[in-house]
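Open the structure in your viewer and keep the selection tool at hand. The tour below goes from one selection to the next and says what is there each time.

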Amino acid sequence: MSASEILAPGVLTPPPVLTTERLVVRPLEAPDLEPVHRLYLDIGWDVKALSADENRERRRSWLEWTLGCYREFPRLQQPVYGERAIARRSDGAFVGLVGLVPSFGPFAQLPSLGARRHARFSPEAGLFWAVSPAHQGQGLATEAAGAFLAHIVATLNLARVVATTEHDNLPSMAVMRQLGMRLETNPYPEIGPDWFQVVGIFEPEGDETGPIYAPARDRTRDHR
Ligand SMILES: CC(C)(COP(=O)(O)OP(=O)(O)OC[C@H]1O[C@@H](n2cnc3c(N)ncnc32)[C@H](O)[C@@H]1OP(=O)(O)O)[C@@H](O)C(=O)NCCC(=O)NCCS
């Protein structure tokens, strides 16, 4: 794969639709607001201090921002962060979310990345996933995240992708293992941060694709 082939699908354009045996992973759209709001309620990630309407407004604001990411990151020639919808291929039913998220943490505290106490934070490419309880336990998170992981590794030429979760989130850890991630725990939990508990690390073998960013200056870019 040449550098220009790598650039095109992953960096310069909005997210493509990925198809698996049972699913499509597609860009979110405005009508996804209600199913996403429902997902957050069903997995208990709504903000308890807020009313139902306020929680829906949070999701609406988040969805608007996500659609803005699809538009603005390509203009910066940067990878499109943000979640995508997981939908059932047979009838389009909304199943959940998977996405590329910024993950800033003390990754050099981890055993294989340095085991350094009080390591400075570094930015990593993170994976996120959530599946509606009605659809859990069927391998759908693994199927969607597997396709998405393969896509971003191939198109963005990533050296490493991480996922983080809490010690008690056994399903999420199982998904990480199914994706071929190695799991490591923060050896310095007293340092934290609180959310930095279990980290899945995916590092593709080999170094075959070369640099992803074309060196030529592009005057249409918003920033240099
Ligand atoms: C994590 C999550 C996305 C998994 O979705 P899913 O579609 O059920 O995932 P899959 O079916 O692909 O895989 C689930 C795995 O968890 C395992 N699992 C489920 N419940 C478990 C439990 N209580 N203990 C141990 N393993 C468990 C399943 O056996 C399966 O592993 P296997 O394939 O090795 O058998 C879903 O539970 C979820 O949305 N949770 C809430 C959001 C969340 O925590 N997201 C992660 C953010 S860090």
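## The whole chain

Colour the chain by secondary structure and follow it from the N terminus, where the elements run in the order α-β-β-α-α-β-β-β-α-β-α-β-β. That gives the protein five helices and eight strands, where helices (H or I, at least four residues) and strands (E, at least two) are DSSP runs numbered from the N terminus. Residues are numbered from 1 along each chain as its sequence is written. Please keep in mind that this is a predicted model, in which local features need pLDDT of at least 70 and side-chain atom pairs count only at pLDDT 80 or more, while totals for chains, interfaces and linings use all residues.

Of the 224 residues in the protein, 29% are buried; a residue is called buried if 20 or more other C-beta atoms, placed from the backbone, lie within 10 Å of its own.

## The sheet

Now select the strands, and you will find that eight of them form an open sheet with mixed pairing, in the order β1-β2-β3-β4-β5-β6-β8-β7. Two strands count as paired if DSSP finds at least two bridges between them. The edge strands, each of which pairs on one side only, are β1 (18-19) and β7 (182-185).

Start at β1, which a hairpin of three residues joins to β2; these two strands pair in the antiparallel sense over two bridges, and T19 has V24 in β2 as its bridge partner. Moving on, β2 and β3 are also antiparallel, with five bridges, and here R26 has A85 in β3 as its partner. β3 and β4 pair in the antiparallel sense too, over six bridges, with F94 in β4 as the partner of A87.

## The nonpolar core

Next, display the side chains of I86, L97, V98, W129, A144 and A145, which have the most contacts inside the largest nonpolar core, a set of 37 residues. Such a core consists of buried Ala, Val, Leu, Ile, Met, Phe, Trp, Tyr and Cys residues joined through C-beta atoms within 7 Å. The helix α4 gives the most to this core, with eight residues.

Centre the view on I86, and leave aside residues up to four places away in sequence: what does I86 touch? Among the residues in contact with I86 are L23, V25, L97, V98, V131 and A144, a contact being a pair of C-beta atoms, placed from the backbone, within 7 Å.

## Helix α2

Select residues 33-42, the helix α2, whose buried residues are V36, H37 and L39. Seen down the axis of α2, these buried residues fall within an arc of 155 degrees, so they line one face of the helix; the arc is that of the directions from the helix axis to the C-beta atoms. What covers them includes α3 (52-75), β4 (94-105) and β5.

## Around the ligand

Finally, select the ligand and the 19 residues that surround it, the closest of which are Q136, A141, T142, L170 and A174; a residue belongs here if its C-beta atom, placed from the backbone, lies within 6 Å of the molecule. The elements that give two or more residues to this shell are β5 (122-131), α4 (140-156) and α5 (170-178), and the largest share, six residues, comes from α5.

Conventions
Buried ≥ 20, exposed ≤ 12 C-beta atoms within 10 Å, placed from the backbone. Contact = placed C-beta atoms within 7 Å.
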